[in-house]
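Please keep the structure in view while reading.

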Amino acid sequence: MSSSGTVIHPRMETVRSRWPDERELLSRVSAQDLQAFERLYRMYRPRLARFLMGMLQRPQLIEEVLDDTMMVVWQSAGNFRGSSKPSTWIFAIAYRKALKAKARWPQPVEDEEFDSRVSPDPGPDQQLHHQRLHDALIAAMDHLSADHRAVVDLTYFHGMGYREIAEIVDCPVDTVKTRMFHARRRLKQAMSASFSDWL
């Protein structure tokens, strides 16, 4: 983790290289370019689905909230002014839509397959370690509040820094840091000793 609170991931350079392309796509979407929207949808669907699973813990709501999010992107792309990354703007929409969905359906439905999903991270030599780590972290995250899960998910699974997360969840950076502090403490209690050093 860097001093700014950003977790460094190998895939971050790939994500960074997409920013100009995503800005161009949003500009085209604002002009009702359906092909640009479909490309943007394909780029963001896996990332948003994983984020929403952590937020909602209701598999049957994920598609609905994801579609609601992308509908806002389609209708409001012209409102994106470029003061933040496209991913920050889109994840902020998803976060607000997820909170509204949670308010409508407050009790989570257990997803028996949730803890057995394979980590998307590449590398066959580390696949077992990544899978065990992924499973342990996901299971531990079930004990966190929605706000704490969002901060952990955006940090560890999307490689975002505190400033960007603060924009997404619409709160001060210090609040994000406080949530992460408490979330890490809870996660360390829930995870085995062999994995808690990773947090």
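Leaving aside its neighbours within four places in sequence, with which residues is Arg179 in contact? The model in view is a predicted one, and in it Arg179 touches Tyr95, Asp147, His148, Val151, Val169 and Cys171. Arg179 itself belongs to helix α8. Its relative accessibility is 18%, and because buried means under 20%, Arg179 counts as buried.

The helix that holds Arg179 may be considered next. Helix α8 comprises the 18 residues 173-190. Besides Arg179, the buried residues of α8 are Val176, Met180, Ala183, Arg184 and Leu187. Seen down the axis of α8, these buried residues fall within an arc of 140 degrees, and therefore they line one face of the helix. The face turned away from this buried side carries exposed residues, namely Asp174, Phe181 and Gln189.

The 19 residues of α4 should span 27 Å at 1.5 Å a residue; the end C-alpha atoms are 28 Å apart, which agrees.

How many salt bridges does a search of the whole structure find? The search finds 7, and one of them joins the side chains of Asp153 and Arg50, with an N to O distance of 3.4 Å. This pair links distant parts of the chain, since Asp153 is in helix α6 (residues 146-156) and Arg50 is in helix α2 (residues 34-56), 103 residues apart. Asp153 has 1% relative accessibility and therefore counts as buried, whereas Arg50, at 21%, counts as partly exposed.

A further salt bridge brings together the side chains of Glu64 and Arg104, at 2.8 Å from N to O. Glu64 lies in helix α3 (residues 59-76) and Arg104 in helix α4 (residues 86-104), so this pair ties together parts that are 40 residues apart in sequence. Glu64 is partly exposed, with a relative accessible area of 35%, and Arg104 counts as partly exposed at 46% relative accessibility.

Lys85 also forms a salt bridge, with Glu164, and the closest N and O atoms of the two are 2.9 Å apart. Because Lys85 lies in the loop between α3 and α4 while Glu164 lies in helix α7 (residues 162-169), the pair ties together parts that are 79 residues apart in sequence. Lys85 counts as partly exposed at 25% relative accessibility; Glu164 is buried, with a relative accessible area of 10%.

Finally, the confidence of the prediction deserves attention. The protein chain averages a pLDDT of 79, and 73% of the residues score at least 70. Over residues 8-18, pLDDT stays under 50, and the model has 10 contacts beyond four places in sequence for this stretch. Residues 108-116 likewise stay under 50, with 17 contacts beyond four places in sequence.

Note on methods: Residues numbered from 1 in each chain as written. Predicted model: local features only at pLDDT ≥ 70, side-chain atom pairs only at ≥ 80, totals over all residues. Heavy atoms only, no water. Helix = DSSP H or I, 4+ residues; strand = E, 2+ residues; numbered from the N terminus. Expected span 1.5 Å × (residues − 1). Buried < 20%, exposed > 50% of the residue type's maximum accessible area, 1.4 Å probe, protein only. Arc of directions from axis to C-beta. Salt bridge = Lys/Arg side-chain N within 4 Å of Asp/Glu carboxyl O. Contact = heavy atoms within 4.5 Å. pLDDT = per-residue confidence, 0-100.
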